[in-house]
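Hi everyone, thanks for coming along. I'd like to walk you through one model today, starting with the overall layout and then stopping at a few residues. Please keep the picture open while I talk.

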Amino acid sequence: MALPHAGGWPSAFRSWWQVLPEDVECVVAQLPGRGARINEPLVNRVEPMVDALVRGLAELEPLPYAVIGHSFGSVLGYELTRALEEKGLPPTVLAVSARQPPCFPSEPPFAHLRTDEELLEHLMDMGGMAPGLMHRADLVGPSLRAIRADLEAMETYVRPRSGTRVPILALGAVDDPVVIGDRMHLWTLETSGGFDHRTFTGGHFYLYTPANAAAVAALLLPSDAAAPFPAAPPQAPPGLHAGHR
């Protein structure tokens, strides 16, 4: 189960569809306000997003799977893992990428309160928006609204009282301008299970390059089994998107 960055569409994980083995399915969350759900009302809190994802995953065949979240997706992935664990359906591993652990809550000034121009500049500094789109309100407007809703959900998120027993793999990049790299190893505080921490080359969106996607996928795939990700039916449930090569 893959969860993209703030405002991210399932296509963010297109590089993963190319590097995963044929018997592994990459199921990506498709949140309201983007992609096929572009006309649905946005959600700006973590809890209802996770509740909807749990309902969608309940429709999939119960096979071994992993959860990976990038940036804001790491927050969703952590809470989704906790929710699924409570239902007796924990993933084999939770991979959290490019997001500091919940023991470091977001602090003002909050990104979701910035003006559109300020938010666009922030996204360009992160490498998440092409400079040529700066003055294309017709193109970036819907994306900005989704990004702002996700950022609000992330920045209002409060660390839960208890963590998870699922092993956590914390992932980061050496040139990420957003995340303080030394904090990533503190994800170990959020699990009583195993823990590992890996750093890769690249910036904030390093996870989506084919080389890094292949390297991280290899860490998530068990050596003696084919598919830790859930296999999707021919049509993924609402809110999920099944990626194919």
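So, the protein chain has six helices and seven strands. Helices here are DSSP runs of H or I with at least four residues, strands are runs of E with at least two, and both are numbered from the N terminus. Starting at the N terminus, the order of elements is β-α-β-α-β-α-β-α-α-β-β-α-β.

A word on where this comes from. This is a predicted model, where local features need pLDDT of at least 70 and side-chain atom pairs count only at pLDDT 80 or more, while totals for chains, interfaces and linings use all residues. Residues are numbered from 1 along each chain as its sequence is written, and side-chain values use heavy atoms, with hydrogens and water left out.

How confident is the predictor? pLDDT is its confidence in each residue, from 0 to 100. The mean for the protein chain is 88, and 86% of its residues reach 70 or more. Over residues 225-238, though, the pLDDT is below 50, and this stretch has 43 contacts in the model beyond near neighbours in sequence. By contact I mean heavy atoms within 4.5 Å.

Now the chain as a whole. Of its 245 residues, 51% count as buried. Buried means under 20% relative accessible area, exposed means over 50%, and partly exposed is in between, with a 1.4 Å probe and protein chains only. The accessible surface of the protein chain comes to about 11,500 Å², and 54% of that belongs to carbon and sulfur atoms. Those areas come from the Shrake-Rupley method with a 1.4 Å probe, and for residues only the protein chains shown count as cover. If you take contacts between residues at least 6 apart in sequence, 81% of them join residues at least 24 apart.

Let's go inside. In soluble globular proteins, nonpolar side chains tend to be buried together. In this model the largest nonpolar core has 68 residues, and those with the most contacts inside it are Met1, Phe13, Trp16, Ile68, Phe72 and Leu80. Helix H3, residues 72-86, gives the most to this core, with seven residues. A nonpolar core, to be clear, is a set of buried Ala, Val, Leu, Ile, Met, Phe, Trp, Tyr and Cys residues joined through side-chain atoms within 4.5 Å.

What about cysteines? Cys26 is buried, with a relative accessible area of 2%, and Cys103 counts as partly exposed at 23%. The structure holds zero disulfides, a disulfide being a pair of cysteine sulfur atoms within 2.5 Å.

Next, please find helix H4, residues 116-126. Its buried residues are Leu119, Leu120, His122, Leu123 and Met126. Seen down the axis of H4, these fall within an arc of 160°, so they line one face of the helix. The arc is taken over the directions from the helix axis to the C-beta atoms. On the face turned away from the buried side, H4 carries the exposed residues Glu117 and Asp125. Just after H4, Gly127 takes a positive phi of about 90°.

That brings me to backbone geometry. Most residues other than glycine have a negative phi, and most peptide bonds are trans. Ser71, in the loop between strand E3 (67-70) and H3, has a positive phi near 60°. Ser71 is also buried, at 10% relative accessible area. Ala98 sits in the loop between E4 and H4 and has a positive phi of about 55°; Ala98 is buried too, at 2% relative accessibility. Pro109 is in the loop between strand E4 (94-97) and H4, and the peptide bond from Pro108 to Pro109 is cis, with omega near 5°.

Two last stops, further along the chain. Phe195 is in strand E6, residues 195-200, and counts as partly exposed at 29% relative accessibility. Which residues does Phe195 contact, leaving aside neighbours within four places in sequence? They are Ile168, Ala170, Met184, His185, Trp187 and Thr188. Phe195 and Ala170 are 25 residues apart in sequence and 7.8 Å apart, C-alpha to C-alpha.

Pro210 is in helix H6, residues 210-220, and counts as exposed at 52% relative accessibility. Leaving aside neighbours within four places in sequence, Pro210 is in contact with Ser15 and Val19.

Technical notes:
pLDDT is the predictor's confidence in each residue, from 0 to 100.
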